Structure formats: C-alpha cells, structure tokens
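Welcome, and thanks for taking a look at this one with us. Here is a short briefing to read alongside the structure.

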Amino acid sequence: MTRTANFDPVAWFYDPLSRLVFGNKMRASQVRFFDSIPPGSTILILGGGTGWILDALFARVPDGKVYFAERSGAMLKRAMSHGKGFDVKFIHAGWEDLPEVTFDVAITHYLLDIFSDETLPRVCDAVSAKLKKDGVWLVSDFAPSQIWHRALLWVMYRFFRVTCGIDAGRLPDWEGCLSRVGFFAQEYEFFYGGFLKSMRLARENAR
C-alpha cells in the first residue's frame, strides 16, 4: 500500500538538520544548474520544502514565473516568506495535483528518493507530462557509491519513515525512472564525496 509522506513534523528543523549533515553541499547541488535556465522561463518546483530555493532561483532568473508545489502545509507556510516581489504561485499539492500548465523547467530536488519503486514511475510520468517537448528537468538526489554513503542513507530512511511516513524504505532507481520517461543527462556533477548528484536533463531529441 502506498504511503503519503507528511513532512510537517520536521519542517521547523529540516534546514538546520540538512546543514548539520551536509554543510553547504546539499544546497550547492540544488542551485548548480540554475544559471542554465533561460530568462522568462515558466518553472515548476515540486517538493520545494521551506522555500529558500526561491531566493536563489530569482537571483538568477528574476523574470521567471514559478509554480511552487509542496504537499506539507508547514513547509509551504515557511516557503511563503521567500520569493517576495517575484512571480511565484504557491500551491498546496503533491505530484498528483499539478496545475494545468506546461513548463519550460521542472525542479525536483531530493524528492524522487522518498517514493518506492512502485510509486516513482507515476511521479516521473506526471512531471514529464507537464514539461514542454524541449523542457529541462533539474534533479538533485542521492547517488551512493561507498559504504559510508549507504550507511548514512540507511539511517536517513529509518528516520524519515518514522517521522514523516515516506513511501520508500530504500533508494529507488530514480535515474532509471528518468530514462524511462525519455530524459537523459546533458550535464551532471557530484557533491559531498560523490554522495549527492545534480543533473540537468532533457529529452533525447532535445540534447
């Protein structure tokens, strides 16, 4: 049975916890390809958390039109203090209820990892369907390749399953899922000893 995650219980300390574990590397991975976003883009941020990312995004794309979709009400409330004075629409919704808009860019940072292998294909299908033919998908997520990566990830999954009820109990094949819906890496970079991977993807015929 699919579980629906609720990040309300961790909203108040999620960002400090991230900095405690990863320093500035997780944030660096999330903004890595923002400079490649064309001016005036219509952008979907799905699972944007506390919304700090909006300030980083608008610093690079001040004329962007952003739809910020977040399932957690507590996270969304915090996010609404960001992006002041810019074109951003806040939506209390998850991947099942995306707006009737086609996007130039989709951003899903540290989101795909919370879904099981059974649910993730539906998430990828939903986001892919909202992207224009030449749309770009920016993804950052975990890419464990060492024993300490896997050990830390094991602890993280246990913590977030207990506190937030996430669907996944282990890292799903998120890169394979992106390939299945026709998106392939144009650029990528690793952070934090190779544990974090940031990617800029497009459909194969748009590469």
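What radius of gyration does the protein have, and does that agree or disagree with a compact globule of 207 residues? The model is predicted, and its radius of gyration is 16 Å. A compact globule with 207 residues would come out near 17 Å, so the two values agree.

**Overall layout**
- Along the principal axes, the C-alpha trace of the protein spans about 40 × 40 × 35 Å.
- The secondary structure comprises 7 helices and 7 strands.

- An open sheet is formed by 7 strands with mixed pairing, and their order is S3-S2-S1-S4-S5-S7-S6.
- The edges are held by strand S3 (87–91) and strand S6 (183–191); each has a single partner strand, so one side of each has no neighbour in the sheet.
- On average, neighbouring strands of this sheet are turned by 15° against each other, with direction ignored.
- Have a look at S6 and strand S7 (residues 196–203) too: the two run antiparallel and are joined by 8 bridges.
- For Glu187, the bridge partner in S7 is Arg200.

**Helices H1 and H6**
- Helix H1 (residues 14–22) and helix H6 (residues 147–164) have axes that come within 14 Å and cross at roughly 165°.
- Angles over 145 degrees count as roughly antiparallel, and H1 and H6 are therefore roughly antiparallel to each other.
- The crossing in which H1 passes H6 is right-handed.
- On the H1 side, the contact is made by Tyr14, Leu17, Val21 and Phe22, while H6 brings Leu152, Met156, Phe159 and Phe160.

Technical notes
Residues numbered from 1 in each chain as written. Predicted model: local features only at pLDDT ≥ 70, side-chain atom pairs only at ≥ 80, totals over all residues. Heavy atoms only, no water. Axes fitted to C-alpha atoms, helices over the stretch in contact; angles between N-to-C directions. Helix = DSSP H or I, 4+ residues; strand = E, 2+ residues; numbered from the N terminus. Parallel < 35°, antiparallel > 145°, perpendicular 65-115°, else oblique. Left-handed = near helix turned anticlockwise from the far one by under 90°. Contact = heavy atoms within 4.5 Å. Pairing = 2+ DSSP bridges. Rg over C-alpha atoms; globule rule 2.2 N^0.38 Å.
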